[in-house]
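Keep the structure open while you read.

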Amino acid sequence: MHGGFHPKSSTLRLYTIHKEGGRGLVSVRATIQDETSKYHKYIKDKAPTDDSDSGEQRMRAGLKDSTEALILAAQEQALSTKAIEAQIYQTRQDPRSGELSLSQKQPAPAGERESFCSKHPEQRPLFCLDECRSMCPACEFSLHYRHKVVTVDSAVTELKEQLRSKLQPLTQRKEQASNLLRQYEEINLYAQTQVEVCERQVKEQFERLHRFLQQEEESVLRALREEQSRQAHTIEPQLQKIREELSTLEENIQTVEEQLQRQSMDFIREYRHTHKQTLLPQPGLKPGPGLLINQAKVLGNMAFKAWDKMRAVVHYSPVILDPNTAASFLYVSEDLRGVRMGDIEQQVPDNPERFTYYPIVLGSEGFSSGSHQWDVEVGDHSDWCIGLVTESFERKRRIEAVPENGIWYLELDCGKYIALTVNNELNLKRNPQKIRVKLDYDKGKLYFYDTEDMSLIYSHTERFTEKMFPFLDAYVSQDAKTKGIKICSTKY
Ligand SMILES: [Zn+2]
Ligand SMILES: [Zn+2]
């Protein structure tokens, strides 16, 4: 026991069990308490003045000799324990002023500290860092073997330090979250303008279709009027003829009837003339063809014919550009087929799909199988790049544009045609105006053709493993008539 409370030993070691090199304060304390109560009895029974008969008094108190020796040692030890206690609790209590028992600490001054344990209101609580809770040292000590137990004050200091260290990352996270919120709000606003753009275009395009259909309807109605007119022109002369014949016949009948009324000489005199009139052989009239409205001509395949004609005004594009992927300087046309580079950067959100380093816009659909082709009209544009990129191709920062990084392209740059990598310059017999890009994914083939005579510009073979997206990339074309490049639409 001696030396167990050595002021230089760690206070924590006091609470650690012997096996682990500590001092097993709990059992020590139990011994002290036991011995203390006996010591109290011994002191109480012994008159303060009478120290001559300590043996008798000791007997009365039921203490052994060895215990008395221990009491003296403990008394000495208690003084140093008090000193340590004073250190732990940072009190200025004179170690000599207190009594021996560890459990009888001075109560805290009123208002300074609330009592923690109802059974031991005078005890200052300790704090178990392992369980992160306060504890009464008198009741609960055995429950905290091997735990890191400290005074409340140092727990507060340590925990505050821990909390303080979390403050900066929290502030950073808060800032990140606020930035993200702002970004989302901008995206939301932008999405609303997208809705407006789409709405306007839907209305315009359907209005065009409605107008077309209305014109078609008018045209069919006009055809009906024509048919009506034709029918009238067919039937009218025939009707006229019939009416004329009818009236002639009526006249003749009247003539004959009058002739029949005549007396002999009159009758004879007129007979030749009358006979001639009645003998006029009139060919019998009968209805001819085409007297009715030709309904079949007016209505037959009417809707199909309208739809067939409509194909002339609608277009199909094998690749539709996705404006959400377009770099901010790239202006995508309203029909989502063409792109040009503008002078003014557009205010577009930096969404994950968007290219922010290369002036690229992707097709909205990627391919991971089958055969696909599309024509790109480049005209006399002088600075463009077309081809395919993988879905995972880097969109936000510079990356070498080579097939290993997921890009396969044909480019015109400073008058040079380049395929796939910077050093691969091509010698073309003419400047193609329109280029066909053809991908056979399954066979791993990529072709570029000049559509004018379908001559092959370049072909490449590779085993494609990822989804690939068509892309257009256009820079400013200074002196060219063609300001942008576009996907050609096809007719059905
Ligand atoms: Zn207690
Ligand atoms: Zn504990």
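The protein has 8 helices and 17 strands, where helices (H or I, at least four residues) and strands (E, at least two) are DSSP runs numbered from the N terminus. This is a predicted model, where local features need pLDDT of at least 70 and side-chain atom pairs count only at pLDDT 80 or more. Residues are numbered from 1 along each chain as its sequence is written.

How much of the protein is buried? Of its 492 residues, 33% count as buried, meaning under 20% relative accessible area, with exposed over 50% and partly exposed in between (1.4 Å probe, protein chains only).

Now for the inside. The largest nonpolar core holds 35 residues; such a core is a set of buried Ala, Val, Leu, Ile, Met, Phe, Trp, Tyr and Cys residues joined through side-chain atoms within 4.5 Å. Among those with the most contacts inside it are W384 and L472. Another core, of 13 residues, lies apart from it and includes F393 and F469.

E131 sits in the loop between β1 and β2 and H144 in the loop between β2 and β3, so the pair ties together parts 13 residues apart in sequence.

| Residue | Relative accessibility | Class |
|---|---|---|
| E131 | 33% | partly exposed |
| H144 | 4% | buried |

Conventions
Chains are lettered from A and ligands numbered from 1 in the order in which they are written. Side-chain values use heavy atoms; hydrogens and water are left out.
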